[in-house]
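Colleague: Could you take a close look at one part of this model for me, the place where the two chains come together? I'd be glad of a connected account.

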Number of protein chains: 2
Amino acid sequence: MVIECIPNVSEGRRADVVSAIADAIRGVRGVRLLDFSSDASHNRSVFTFAGDAEGVERAMLALVERAIAAVDLRTHKGEHPRMGAVDVVPFVPIEGVTMADCVALAKKVGGAIASRFSVPVFLYEEASSNPARKNLEDIRRGEFEGLAAKMASPGWAPDFGPAQPHPSAGATVVGARMALIAYNINLATDRLDVAKKIAAGIRHSSGGYRFVKAAGFTLDDRGIVQVSMNLTNYEKTPIFRVFETVKREAARYGVNVLGSEIVGLVPSAALTAAAEFYLQLEGFKPDQVLENKLRSEKSEI
Amino acid sequence: MVIECIPNVSEGRRADVVSAIADAIRGVRGVRLLDFSSDASHNRSVFTFAGDAEGVERAMLALVERAIAAVDLRTHKGEHPRMGAVDVVPFVPIEGVTMADCVALAKKVGGAIASRFSVPVFLYEEASSNPARKNLEDIRRGEFEGLAAKMASPGWAPDFGPAQPHPSAGATVVGARMALIAYNINLATDRLDVAKKIAAGIRHSSGGYRFVKAAGFTLDDRGIVQVSMNLTNYEKTPIFRVFETVKREAARYGVNVLGSEIVGLVPSAALTAAAEFYLQLEGFKPDQVLENKLRSEKSEI
């Protein structure tokens, strides 16, 4: 069973604090730290780790303990919006685990953060029980500075913990979501309007695919433009469909696709789905992938 | 580190013998039995298991012990050619292991089979040191019945063990090779000549791709034809290239591809390569696949 957890912590400048948090994650059995990176101008760090439910829970609580001890939002400055020392904590199903399992884990860890550290916790995305509190942006609007007033207003009692912010650590948003794929398609043109029009056509907010966020950018060093995307549910809006749509829309402007790129990590299943589509595979089952079979419980025949 | 091993044993009729061998494999720590199947008319069983080098070696020796005790080739009948109670033993690199590692393991296990059980061992495929003894078919020609005479002739001394066959267990062929993918492409036609012409065009033996074996068949129940293939090195002759070539050749006869199918197991990397090709991925690295990163030693950052 593999669950990924990607906590965002409001500290991106003090390397000693960031590495102490990384060490806390590494110290938990059954958990593997896959990546971490800090942004000084955002004054924020993102940690990526994975393991079973028990390990991931223990690693998260160890992280919260360190982060709350080190971060004081009353003096924190940074470009990225934030309302907590541990700002947002998504749990993501990777292997042998359902979204419902991740929702249950989010509630368990959220409750533990609230009771152990007196930090109010809001549930978001799949763990949210309230449509007005599903999107992170809606919950975080007003940030740390506006949090006390927001929590005093109707509809903004936390899901767990005290009815007012933690004095230095604010509040934490905990939830469950699908793995997010950062995916870019590069076009053989320098026409930014083409990238922007295609982005508008495929993104959810302007009528496109439900699980696509997209924008058009210029890549100055290469003299080309890019449709830059987040795919927020690769099962329901798969990579191959987005790629084929962008290719077709680009052709309408006489533009070719140069290539595409996946930034960071991608679940194996997202690539397997593309292979299935293009090879027109009939009756293919995930446990035909040798590595899946090796790790599945059911393979003990 | 994951090595796959697919021993073929000359017993496909006595279920008790086959399950005793399966139990012997299951009993080895660090090894997982992925599949086994018996064919009564071939009188032959194929076991698929995987694990680290040490575990796979121990499982193989346990299998040989059971098979030699139970199988007597002097009374064995079956449609499939064979020259040993344990007929052929390929080791296949899957993850975190090179072909050279598998060659070394084949030599180690081959030596152990010879010395422990007095069975002569021939090395084949990547483990072979002699081009005339690379192909299994060449080594096995003459079968068990012709083995004593063959081994007495020039060039057929075994790589390990006695200069004459084991009285009841014959000789065993041990080696290393790439994972083999059983891959079929179904055509929207009942014209067998089209499937046969395409198969001839893509297979190595008649001028096609180096690592493709192919034949054309009729699928009576569906009223269509199929190009049925073994891809013997998916890194050098990848699935997507074969698929695209068959699609193009079929179009030349006005025939569409209905779909394709992978029979049995496929290494994740073979599907990832197809996704990379069709999505025109730039700069993609295997450790961007989340599951690979999770399992790699280097992920401890």
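Through which surface do the copies meet, judging by the interface residues of chain A and chain B?

Modeller: Happy to! Please keep in mind that this is a predicted model. The copies meet through the same surface, because 100% of the interface residues of chain A are also interface residues in chain B.

Let's begin with how the chains are placed.

Next, the extent of the interface. The size of an interface is often given as the accessible area lost when the parts come together. Here chain A and chain B bury about 4700 Å² between them, and 55% of that area is on carbon and sulfur atoms. In terms of residues, 53 from chain A are in contact with 53 from chain B.

Now the polar side of the picture. Two salt bridges are found across the interface of chain A and chain B. Glu282(A) forms a salt bridge with Arg222(B), and their closest N and O atoms are 3.1 Å apart. Counting residue pairs in polar contact between chain A and chain B, both at pLDDT 80 or more, gives 24.

Which elements build the side of chain A that touches chain B? Those that each supply at least two residues include strands E1 (2-5), E3 (31-39) and E5 (86-95), as well as helices H7 (239-251), H8 (268-278) and H9 (290-295). Strands E8 and E11 (257-263) of chain A are also among them. E11(A) gives the most, with seven residues. Sorted by class, this side of chain A has 28 nonpolar, 10 polar and 15 charged residues.

Leu187(A) counts as buried because its relative accessibility is 0%. Leaving aside residues up to four places away in sequence, Leu187(A) touches a set of residues that includes Val194(A), Ile198(A), Ile224(A), Val246(A) and Leu258(A). Val255(A) is another of the residues that Leu187(A) touches; the two are 68 residues apart along the chain, yet their C-alpha atoms are separated by 6.8 Å.

Note on methods
Residues numbered from 1 in each chain as written. Chains lettered and ligands numbered in written order. Predicted model: local features only at pLDDT ≥ 70, side-chain atom pairs only at ≥ 80, totals over all residues. Heavy atoms only, no water. Buried < 20%, exposed > 50% of the residue type's maximum accessible area, 1.4 Å probe, protein only. Contact = heavy atoms within 4.5 Å. Buried area = accessible area lost by both parts, 1.4 Å probe. Salt bridge = Lys/Arg side-chain N within 4 Å of Asp/Glu carboxyl O. Polar contact = N/O pair within 3.5 Å; in protein donor to acceptor, adjacent residues only side chain to side chain. Helix = DSSP H or I, 4+ residues; strand = E, 2+ residues; numbered from the N terminus. Nonpolar A, V, L, I, M, F, W, Y, C, P; charged D, E, K, R; others polar.
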